[in-house]
Amino acid sequence: MKKYLNLFDFSQKVNYRTEILSGLTVAFALVPEAIAFALIPGFSPLTGLYAAFVIALITSILGGRPGMISGATGAVAVIFVGLILELKDNFPGITPETILHYVFATVIIAGLLQITAGVLKLGKFIRLVPHPVMFGFVNGLAIIIFMAQFPNFYEKGTTDLLSGPAFWTMLGLTVLTMVIIWGFPKITKAIPSSLLAIIVVSAIVLGFGIDTRTVADTIAVGESIKGGFPPLSIPNIPLSLETFKIIFPYAAIVAGVGLIESLLTLNIIDEITDTRGSGNKECIAQGTANIFSGFLSGMGGCAMIGQSLINTSAGARARLSGITAAIMLLVFIMFGSSLIERLPMAALVGLMFMVAIGTFEWASFKTFKKMPTSDVVVMVLVTLITAVTHNLAIAVLFGVIISALAYSWENAKRIRARKTVDENGVKTYEIYGPLFFGSTTAFAEKFDIINDPSDVIIDFQESRVADMSGIEALNKITERYAKVGKKVHLKHLSKDCKRLLANADAIIEVNVLEDPTYKVMAGK
């Protein structure tokens, strides 16, 4: 129970003004994002807004990273496009309402999978993501955020750029927003510059009656963001194996994408704030939030790097900012929809442009000549895959795999053998570097079986047998020596290497020398 006593960070010094103002700014930024993401699979704006409220509130209370903001996201919304297409193929004539029930069930199952990941403490594995992959992820996400704002410069319902005064008005107000966000902190940090920019630009537009795009222009005809408290929605779908087979793969993808994006965002906020969050706790919080989202008419989601950066750049460090953002979002839905729909999109676009600029790791350009070529390639590839496919999970997994292969290749080249013959004619091969699947070929080439004496020692004081491929390589070497009547002895095996040999006793039989004068290397 102790770990839950500081659930609301009572021991942490909280700047209430900063937290509340930052949360209000985030709430403004959540509105157009939630609406846009809901429209990707064709849902009502309220489906995205309800998800943003529920997920932001629960993760802010239970999450492992105070100050991080979660809500409805594009990475999760895109997954439902495939689910909807499959549902329409399997059930011709299915109604939009029934489709939503399948979506809610998918989100609930995804939440259960995320909680399972947290209970099994799988969150720690995100720490294995290499830094070049992190750079690529962040840069790709910055490009996505930046590019996602351009449709606001199009004529409504088309891909044609605004023309004439409409274009220049939109551009001018966007630039004004960016200038305020950039310049105001140089004067004072008493109020978040992002919030001030939204207030000033909105006041100019509403006060002078300027004709420009508003939040209402992002909503389909006949739709509105006005609603009540998220209604309870028990998924009304057939409880059958066929249903499970349809929705489970999508639930697994939602869970995986949500956790990868959330845990990577957690790492980024950790670096910015020079603190450390709990990945496993965040897994459980994300899962709980998605379960509640599914039962409260929401489309699910995960951490949002853009809104998290807005929050932390304004100075928020505690849970209060996220709770404030969620509550204010609900207030907008229930009581302030008419005002929110009149907000100029230029103010929100300018804010997100600044988020994109701040998100991009400009320092990564300086590393091109300092980092190994393989790391640079990984970083660029992850950036491109993230930006082009918008599939963050695939981009990160691809980067991790390429990084692992590059690491294996480099380590495979490091295996060496120093050869000595003692006064008794015993030849010793001192092995340097790890013996694993990538280095077995080079290892085998080190031995002169025909010309070696009858007794050969392979010394692993500076090496380790890392896997079963290494065991098999030893097996083949001893077999080759045995065929010509020679014996192999192994020295200085670490404890974990000996365990591998013991487990492989059906495969290999060699003499393991025990010499008390030698220090056995402990397994790492």
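How do the residues of the lining of the largest pocket divide into nonpolar, polar and charged? There are 24 nonpolar, 11 polar and six charged. Here Ala, Val, Leu, Ile, Met, Phe, Trp, Tyr, Cys and Pro count as nonpolar, Asp, Glu, Lys and Arg as charged, and the others, Gly among them, as polar.

Some ground rules. This is a predicted model, where local features need pLDDT of at least 70, side-chain atom pairs count only at pLDDT 80 or more, and totals for chains, interfaces and linings use all residues. Residues are numbered from 1 along each chain as its sequence is written, and side-chain values use heavy atoms, without hydrogens and water.

Back to that pocket. Its volume is about 1,100 Å³, meaning the space filled by probe spheres set on grid points joined across faces, edges and corners. A pocket is an open set of points on a 1 Å grid over the protein atoms alone, where a 1.4 Å probe fits, with protein on both sides within 12 Å along at least five of seven lines; lining residues have an atom within 4 Å of a point. Of 41 lining residues, Ala36, Phe37, Ile40, Ala148 and Pro151 are the closest to the centre. Helix H2 (16–39) gives the most, seven residues. Helices are DSSP runs (H or I, at least four residues), numbered from the N terminus.

Next, the second largest pocket. It holds about 720 Å³. Its lining has 34 residues, with Leu309, Ile310, Ser313, Ala314 and Gly358 nearest the centre. H14 supplies the largest share, five residues. The lining divides into 21 nonpolar, nine polar and four charged.

Technical notes
Helix = DSSP H or I, 4+ residues; strand = E, 2+ residues; numbered from the N terminus.
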